[in-house]
Amino acid sequence: MTTTPTQYTRTAIALHWLIALLIFIAFPVGLYMVDLPLSPQKLKIISWHKWAGITVLALVLVRILWRATHRPPALPDSMSRIEKLAAQGAHHLLYLLMIAVPMAGWLMSSAKGFPVVWFGVLPLPDLIGKSESLAEFFEQAHEILAWLMALIVVVHAAAAVKHHFAARDGVLARMLPRLK
Amino acid sequence: MKILVTALAAAALALPAAAVEYGTLDPAKSSLAFTSKQMGVPVDGKFNKFKVALSFDPAAVQKASAGFELEIASIDTGSKEANDEVVGKDWFNAKQFPTAVFKSTSVKALGGNRFEVTGPLTIKGRTQNVTAPFTYKADGANGVFEGAFTIKRLQFGIGEGPWGDTSTVADDVQIKFRLVAAARK
């Protein structure tokens, strides 16, 4: 029971890549849609973006539950203390942002009086009342946090590539078993 | 004797009819709102400027009448972007059709405090007969009329061209009204 696994479980791997895929779609779609002129297409795209974001939020909660009940594989001893701290810090920040970004979007939707109906079926409760100033605040927060997340994702991916090709320590294979 | 009873009964029936008749609208307490569904999401909006000519005596409902005139440009859809959009040609074409009007042709009692008004509603130059159930209650010297009905926006040509796609913006739009009118002296 106390032995540290060498790779993530299939559940953790599936969640990681599913969330990654959704973020890779939702982020550029979000950037694209905001400047579109108002049209039925824009309303559709905004709804899809919201559905993707709320799905990320739901999956992240499952992932956090997984983390709380499973021990993740240890980082290789070849990594320095600083590197390990940086890796942990980046992971924690990613978890935080994967919650904060969709939450800011949800709050923005509530404040704009355009609530989220998940997949057009499940209406989510409004977290705050309609307010122009709060809508603007959360719109900015959503955008800034999303960009911050994109930045950390780039660092995260660059570190994974470095682990695989420079350090050759098998860290990437923990999340991508086919590389083994 | 018989004549006297009949006369008294007639007087008793006639009395409430003359007791109160509502007419002057209190715009601050009245509202005209609507809910549309966009991608399954209910979105509320309202009209800020409207005139109502009302004549309603709860004891003589069949004589009641209501006339509505609302200013399309006073629409508030909840966002500025949408407000600018909906006054345009595909939607309300507010330049050519600045007002929407309703004129009752009949009002009938449904029992209790429930009534029903029917009449032609004209939006964007197109007319459809609508029927709206409403409730009435007295609130001090005021009469409060509340009701809701559903129209099909495409019957009025509201949201044409690409906006005719009802999978994005549903055809059904619910109209909700709350009118507070003072008793006529």
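In this predicted model, 13 residues of chain A are in contact with 16 residues of chain B. Two residues are in contact if their C-beta atoms, placed from the backbone, lie within 7 Å. Helix α2 (residues 40-69) gives the most to the chain A side, with 4 residues. That side divides into 7 nonpolar, 4 polar and 2 charged residues. Here Ala, Val, Leu, Ile, Met, Phe, Trp, Tyr, Cys and Pro count as nonpolar, Asp, Glu, Lys and Arg as charged, and the others, Gly among them, as polar. The predictor gives the complex an ipTM of 0.76 and a pTM of 0.83.

Residues are numbered from 1 along each chain as its sequence is written, while chains are lettered from A and ligands numbered from 1 in the order in which they are written. As this is a predicted model, local features need pLDDT of at least 70 and side-chain atom pairs count only at pLDDT 80 or more, but totals for chains, interfaces and linings use all residues.

**The two chains**

Helices (H or I, at least four residues) and strands (E, at least two) are DSSP runs, numbered from the N terminus. A residue is buried if 20 or more other C-beta atoms lie within 10 Å of its own, exposed if 12 or fewer, and partly exposed in between; C-beta atoms are placed from the backbone.

Chain A reads α-α-α-β-β-α-α along the sequence. Its C-alpha trace spans about 50 × 30 × 30 Å along the principal axes. Chain B follows α-β-β-β-β-β-β-α-β-β-β-β-β-β.

**Helices of chain A**

Helix α2(A) has 30 residues and reaches 44 Å from its first C-alpha to its last, close to the expected 44 Å. The expected span is 1.5 Å times one less than the number of residues. Buried residues of α2(A) include A:Leu43, A:Ile46, A:Trp51, A:Ile54 and A:Val60. A:Ser47 and A:Lys50 of this helix are buried too. Their cover includes α1 (10-33), α3 (81-112) and β1 (117-118) of chain A, together with β2 (31-38) of chain B.

Helix α4(A) runs over residues 132-167. Its 36 residues should span 52 Å, and its end C-alpha atoms are 50 Å apart, which agrees. Its buried residues are A:Ala135, A:Phe138, A:His142, A:Leu145, A:Ala146, A:Met149 and A:His163. They pack against α1, α3 and α5 (171-175) of chain A. Just after α4(A), A:Arg168 takes a positive phi of about 50 degrees.

**A buried strand residue in chain B**

B:Phe68 is found in strand β5 (residues 65-71) of chain B. B:Phe68 counts as buried because 21 C-beta neighbours lie inside 10 Å. Leaving aside neighbours within four places in sequence, B:Phe68 is in contact with B:Phe50, B:Val52, B:Val101 and B:Phe102. B:Lys51 is 17 residues from B:Phe68 in sequence, with 5.8 Å between their C-alpha atoms.

**Confidence in chain B**

The pLDDT is the predictor's confidence in each residue, from 0 to 100. Chain B averages 88, and 89% of its residues score at least 70. Over residues 7-19 of chain B the pLDDT is below 50. Beyond near neighbours in sequence, this stretch has 4 contacts in the model. Where pLDDT is low, the predicted coordinates should not be read in detail.
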